[in-house]
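Thank you all for making time this morning.

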Amino acid sequence: MSVERNTRNLEAGIERDFAARMSYGSYLSLDELLNAQHPVSQPEHHDEMLFIIQHQTSELWLKLVLHELRAVRLRLQADDLRAAMKGIARIKHIQRSLTEQWSVLATLTPSEYAEFRGSLEAASGFQSYQYRAVEFLLGNKNQGMLQVFADDAQAYPLLCGLLEETSIYDEFIRYLHRRGYGVPVELLERDVRAAHEFNGGLVQVYKVVYENASDHWDIYEACEELVDLEDNFQLWRFRHLKTVERTIGHKKGTGGSSGVGFLQKALELTFFPELFAVRTEIGR
């Protein structure tokens, strides 16, 4: 009786020699990436590796979100709405991955985290400049946040630049104007360094779109894509809040914030307020 081995032989054409050729590992800089985890607890606590990788992975996803948001802004400026919405669709999938990651960190129990939390000193997710950059690109500008990054040679100029630039919502509103929609002039001339503020006139523009969707289908669809984007962001914020509450309760954050209380207030912030307000007006 013959016995088949539970192995798979390499096919003849599979590359084996990478002495002088680019490999998977070299293309992705895996040596650098996989050696970027440096626990600081002494003795090293087992669960600190989870904590580090969770946050490093989130930062990689945020880097991609920034990359896509910049492209969305350029496409809106070029009046290429379909390509811009393709970018938003990709960002929505990234957001889903970011939100689902909280379930992994939630396996860190309060007693486990307490064993190495003190080693973090003042380091805190509050100091994620990429997260702030995403907020700026979505329209939640806050010049006061720049103080946190004043000593960071990479973060400070990035955020200062984004503060002076338009958000994707600014560009969407300008696109509506170019398409002939009656956008209030103050939105076209506003100081883009400030956070977007609710405008009742814009709600009326959206009301026309939503109540006559078949006549404005591409704009109607784009509005709903933006609503999805904000919904996903709020879900991420909420999941963040609940994970922090589950892990440290109502202790202060390591970076000095009030912790859960600070995160709770963030849920009150909105990027596209008129797109939510119009829902009350539809059908009136």
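This is a predicted model: local features need pLDDT of at least 70, side-chain atom pairs count only at pLDDT 80 or more; totals for chains, interfaces and linings use all residues.

Let me start with a question: are Phe 233 and Trp 236 buried or exposed? Phe 233 is buried, and Trp 236 is buried as well, where buried means under 20% relative accessible area, exposed means over 50%, and partly exposed lies in between, with a 1.4 Å probe and protein chains only. Residues are numbered from 1 along each chain as its sequence is written, and side-chain values use heavy atoms, with hydrogens and water left out.

As for the overall picture, the protein has 13 helices and 0 strands, taking helices (H or I, at least four residues) and strands (E, at least two) as DSSP runs numbered from the N terminus. The C-alpha trace spans about 75 × 55 × 40 Å along its principal axes, and of the 284 residues, 41% are buried.

Now to the aromatic rings. Rings of Phe, Tyr and Trp (for Trp, its six-membered ring) pair if their centres lie within 6.5 Å, and planes under 30 degrees apart count as stacked, over 60 as edge-to-face and the rest as tilted. By this rule there are 13 aromatic pairs. In one of them, the ring centres of Phe 51 and Tyr 113 are 5.2 Å apart with the planes at 25°, so this pair is stacked. Phe 51 belongs to helix H3 (residues 48–77) and Tyr 113 to helix H5 (residues 110–117), so that distant parts of the chain, 62 residues apart, are linked. Both Phe 51 and Tyr 113 are buried.

Returning to Phe 233 and Trp 236, their ring centres are 6.4 Å apart and their planes stand at 45°, so the pair is tilted. Both residues lie in helix H11 (residues 217–248), 3 residues apart, which is about one turn of the helix. They are also part of one aromatic cluster, whose members include Trp 102, Tyr 131 and Tyr 169.

Finally, the charged side chains: the whole structure holds 14 salt bridges, each being a side-chain nitrogen of Lys or Arg within 4 Å of a carboxyl oxygen of Asp or Glu. Asp 79 forms one with Arg 178, the closest N and O atoms being 2.8 Å apart. Because Asp 79 lies in the loop between H3 and H4 and Arg 178 in helix H8 (residues 168–178), this pair ties together parts that are 99 residues apart in sequence. Another salt bridge joins Lys 92 and Asp 228 (2.8 Å, N to O), and since Lys 92 lies in helix H4 and Asp 228 in helix H11, the parts tied together here are 136 residues apart in sequence. Lys 92 is buried at a relative accessible area of 14%, whereas Asp 228, at 29%, counts as partly exposed. Through shared partners, salt bridges join Lys 92, Glu 225 and Asp 228 into one network.
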